[in-house]
Amino acid sequence: MQWPAFVVLTIADALVLDALPPISTTDGTGLNLIEGVLIATFANLFLVGAVAPWLARRLADRRAAALATAGAPPPTQAARDVLQDRTATALLIAGLLAVIVSGLANRPLIVSETDATEAAGRAVLDYVERSGNEELQRNAETANILKQGDDYFRICIARDDRESFFCLLVDTDYDPPKVTKDPSAESNEAFRGG
């Protein structure tokens, strides 16, 4: 089963790496399918060629010791081969689960009370990424939102000095949301008067 599982799970790993990359690249796109296939192939070859034989040998030795204690004959070579095959298949499945978990863990988290505030948050993150401004990208987690209407928001990101702010006005009534720079650099707290 290990070689059919190797082929199927390598393709599945590559598709997951493409859809849910566990790392971000400099252009923000993640991995493409070809890179996913290469990474998955080498990782799965390592699991099947190095980890599975070592682990299967350890398990077979443990089983042989238990059988010897009970006075039973040691496992045959065929039993050892079946154990290695099952171990390799289990490791390939565990590898796919690890790729899925790491991809899900790398997804950006936006905590939002409504769909409109989530859309505004995503629009600001997209704006910051496209801006190329390293200071904004570095401080994106400081963004806070001030709701000014049902679909209109003021979102401010603190500068490095934490004294001045870069603020954007976001109208989620548009698709995609309309984002414009606010000329005011005061925080949302000062802006609302508190």
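Which side chains meet in a salt bridge at 2.9 Å, N to O? In this predicted model, in which local features need pLDDT of at least 70, side-chain atom pairs count only at pLDDT 80 or more, and totals for chains, interfaces and linings use all residues, the side chains of Arg122 and Glu118 form such a contact. Residues are numbered from 1 along each chain as its sequence is written, and side-chain values use heavy atoms, with hydrogens and water left out.

A salt bridge is defined as a side-chain nitrogen of Lys or Arg within 4 Å of a carboxyl oxygen of Asp or Glu. Arg122 and Glu118 both belong to helix α4 (residues 115-131) and stand 4 residues apart, about one turn of the helix. Helices (H or I, at least four residues) and strands (E, at least two) are DSSP runs numbered from the N terminus. Arg122 is partly exposed at 38% relative accessibility, and Glu118 is also partly exposed, at 26%. Partly exposed lies between buried (under 20% relative accessible area) and exposed (over 50%), with a 1.4 Å probe and protein chains only.

Glu135 pairs with Arg159 in a salt bridge whose closest N and O atoms are 3.0 Å apart. Because Glu135 lies in helix α5 (residues 134-138) and Arg159 in the loop between β2 (152-158) and β3 (165-171), this pair ties together parts 24 residues apart in sequence.

A salt bridge also joins Asp160 to Arg138, with 2.5 Å between the closest N and O atoms. This pair links distant parts of the chain, Asp160 being in the loop between β2 and β3 and Arg138 in helix α5, 22 residues apart. Asp160 has a relative accessible area of 40% and is partly exposed; Arg138, at 44% relative accessibility, is partly exposed.
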